[in-house]
Amino acid sequence: MLSEISQTKPIQVPAWPFSLLVLSCGGCWSVTAEMLRNLLALRQIGQRTISTTSRRHFKNKVPEKQKLFQEDDEIPLYLKGGIADVLLYRATMVLTIGGTAYAMYQLAVAAFPKKQE
C-alpha cells in the first residue's frame, strides 16, 4: 500500500485558499470536479458583502416621541406609551400581587404541616 502511494503523483487543485494536493491512493478517495465547484461556490458565498443599509426609508419618529414623553400632563412615564403600556402594567401588577400571595400561602402551608396519624 505504501509503495502505491509513493508512486502516485499529486495533482494541484486551483481552489484558493483551499488548494489541495489530491492523491489517488488506489480508490481510497477522490475529488471530483463537482465537489470542487461546490467548494468554490461556498467560498464565493462567504465573500459576498453584507449591506447594512436599509431598503426602506422610515420616517424619523424620535422628535414626536420626545415631545410626548416630555409633556407635563401628570401621567406616569411608564403609561405614556398608550393602551399597550397600560395593559402591560396591569398584567405585571396582577402577576406580582398574585405571585406574592401564592408564595405567602405556600410558606404558611410549609410552616404548619398536617399532623400524621
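This is a predicted model: local features need pLDDT of at least 70, side-chain atom pairs count only at pLDDT 80 or more; totals for chains, interfaces and linings use all residues.
Me: Good to know! How many helices and strands are there in the protein chain?

Reply: Four helices and two strands, in the order α-β-β-α-α-α along the sequence. Both kinds are DSSP runs numbered from the N terminus: helices are H or I with at least four residues, strands are E with at least two.

Me: And where is confidence lowest and highest?

Reply: Strand E2 (residues 20-22) is lowest with a mean of 46, while H4 is highest at 96. The score is pLDDT, the predictor's confidence in each residue, from 0 to 100. Averaged over the protein chain, pLDDT is 77, and 65% of the residues score at least 70.

Me: Which residues stay under 50 in pLDDT?

Reply: Residues 18-25 do, and the model has 24 contacts for them beyond four places in sequence. A contact means heavy atoms within 4.5 Å.

Me: Switching topic: how many salt bridges does a search of the whole structure find?

Reply: Two, counting a side-chain nitrogen of Lys or Arg within 4 Å of a carboxyl oxygen of Asp or Glu. Glu 64 pairs with Lys 59, with the closest N and O atoms 3.2 Å apart. Lys 80 and Asp 73 form a salt bridge at 3.4 Å, N to O.

Me: Is Lys 80 buried or exposed?

Reply: Lys 80 is buried, at 11% relative accessible area, whereas Asp 73 is partly exposed at 33%. In the other pair, Lys 59 is exposed at 62% and Glu 64 is partly exposed at 44%.

Me: Nice. Which residues make the nonpolar surface patch?

Reply: Tyr 78, Tyr 89, Met 93 and Ile 97 make a patch of about 400 Å². Patches take residues with over 30% relative accessible area and no salt bridge, joining like charges within 9 Å and nonpolar side chains (Val, Leu, Ile, Met, Phe, Trp, Tyr) within 5 Å. Areas come from the Shrake-Rupley method with a 1.4 Å probe, and for residues only the protein chains shown count as cover.

Me: Where does Tyr 89 sit?

Reply: Tyr 89 is in helix H4, residues 83-111, and is partly exposed at 32% relative accessible area.

Terms used:
Residues are numbered from 1 along each chain as its sequence is written. Side-chain values use heavy atoms; hydrogens and water are left out. Buried means under 20% relative accessible area, exposed over 50%, partly exposed in between (1.4 Å probe, protein chains only).
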